[in-house]
Every structure is written in C-alpha cells, then in structure tokens.
Amino acid sequence: MPGVVIKKYREMRNYSQKFVAAQMNISQNAYSKIENNLTQLTVHHVKKLSAILDVPVLDLLNDNFEIHKPFSIPRIVTKNDVLAQSESLQKMLQNKTTSRHDGYIVAMSLIVAAENALIPID
C-alpha cells in the first residue's frame, strides 16, 4: 500500500508526521490517515509528498519493493568478508516467498559482475 511506502521514506529522513503534514498544509491527523491508507491519495498529495521526501512520484506509488537503509563498505574487505556476505545473501534469498522479483535481475547482474572481477585473481 502506498501509505506504508510513504511512511518508510518519511522515517528514513527522520521527519515527523507533524513536520510533513505542516509542509503539506494539512493536519497531522489527516496525514496519519494517508500513511494508514485511510485516505485516498490525490495527484496533488503525491506530487507534494514527492517534493517533501525528495523521492520520485513513481517510487511513492510502487509498493512492490523493499526499502533498506544505506550501507557503507569498509575500506578493507577480506575474502572471509565476501564469503560471509554471500552466505547471508543466500539465506535471504531462500527465505523469500516470491519466485520472481524485479530486484533479482539486479542481484544477478551484481553476482555476474563480481564473478567476472574475480576470474583473473588466483
């Protein structure tokens, strides 16, 4: 549901409902209804939220993706770090209930790129 996605983006930016509501010129209660999917979004609301949250309009309406917090990669990465991360990824994929997902093509591309980068390494 769009409200869940909107809430996640708001929380990622550490904005309160009160702050976003004020930016939209609506009450906090009215904004809460948007996040709880009790109010149908208007085009005006979506455009305004897109600007406030600095997110493309389509991302606010797409509820088929997962939002993750940004991560950082340490400057020094060992073979064991890569192995541990790949095991973690394998477990995550095994726990997914969907057999098809738009993110899988991205994951496959990254795996192939990593494989190609490792070929010349002995």
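View 1. Helix H4 is followed by Asp54, a residue with a positive phi near 55 degrees. The model shown in this and the other views is predicted. Helix H4 spans residues 43-53, and its buried residues are His45, Val46, Leu49, Ser50, Ile52 and Leu53. The cover over these buried residues includes helix H1 (2-12), helix H2 (17-24), helix H3 (28-35) and helix H5 (57-61).

**View 2. The largest nonpolar core.** In soluble globular proteins, nonpolar side chains tend to be buried together. The largest nonpolar core of this model comprises 13 residues, and those with the most contacts inside it are Ile6, Met24, Tyr31, Leu49, Leu53 and Leu60. Two or more residues of this core come from each of H1, H2, H3 and H4. Leu49 and Leu53 also belong to the buried residues of helix H4. Ile6 is in contact with Tyr31, Ile34, Glu35, Leu41, Leu49, Leu53 and Leu60, when its neighbours within four places in sequence are left aside.

**View 3. A salt bridge between Glu35 and Arg10.** The side chains of Glu35 and Arg10 form a salt bridge, with an N to O distance of 2.4 Å. The pair joins distant parts of the chain, since Glu35 lies in helix H3 and Arg10 in helix H1, 25 residues apart. The model has a count of 1 salt bridge. Both partners are buried. For Glu35 the relative accessibility is 5%, and this residue therefore counts as buried. Apart from residues up to four places away in sequence, Glu35 touches Gly3, Val4, Ile6, Lys7, Arg10 and Gln17.

**View 4. The aromatic pair Tyr15 and Phe19.** A pair of aromatic rings is described by the distance of the centres and the angle of the planes. The structure holds 1 aromatic pair. In this pair, the ring centres of Tyr15 and Phe19 are 4.8 Å apart and the planes stand at 50 degrees, so the arrangement is tilted. Tyr15 is partly exposed, its relative accessible area being 27%. Phe19 is likewise partly exposed, with a value of 35%.

View 5. Asn25 is located in the loop between H2 and H3. Its phi is near 60 degrees, a positive value in a residue other than glycine. Asn25 has a relative accessible area of 67% and is exposed. Asn37 counts as partly exposed, at 27% relative accessibility.

**View 6. A nonpolar surface patch on helices H6 and H7.** Leu89, Leu93, Met108, Ile111 and Val112 make a nonpolar surface patch of about 400 Å². Helix H6 (79-95) and helix H7 (102-118) each contribute at least two residues to the patch. The most is given by H7, with 3 residues. Val112 is located in helix H7. With a relative accessibility of 37%, Val112 counts as partly exposed.

Note on methods
Residues are numbered from 1 along each chain as its sequence is written. This is a predicted model: local features need pLDDT of at least 70, side-chain atom pairs count only at pLDDT 80 or more; totals for chains, interfaces and linings use all residues. Side-chain values use heavy atoms; hydrogens and water are left out. Patches are made of residues with over 30% relative accessible area and no salt bridge: like charges are joined within 9 Å, nonpolar side chains (Val, Leu, Ile, Met, Phe, Trp, Tyr) within 5 Å. Accessible areas come from the Shrake-Rupley method with a 1.4 Å probe; for residues, only the protein chains shown count as cover. A salt bridge is a side-chain nitrogen of Lys or Arg within 4 Å of a carboxyl oxygen of Asp or Glu. Helices (H or I, at least four residues) and strands (E, at least two) are DSSP runs, numbered from the N terminus. Buried means under 20% relative accessible area, exposed over 50%, partly exposed in between (1.4 Å probe, protein chains only). Contact means heavy atoms within 4.5 Å. A nonpolar core is a set of buried Ala, Val, Leu, Ile, Met, Phe, Trp, Tyr and Cys residues joined through side-chain atoms within 4.5 Å. Rings of Phe, Tyr and Trp (its six-membered ring) pair if their centres lie within 6.5 Å; planes under 30 degrees apart count as stacked, over 60 as edge-to-face and the rest as tilted.
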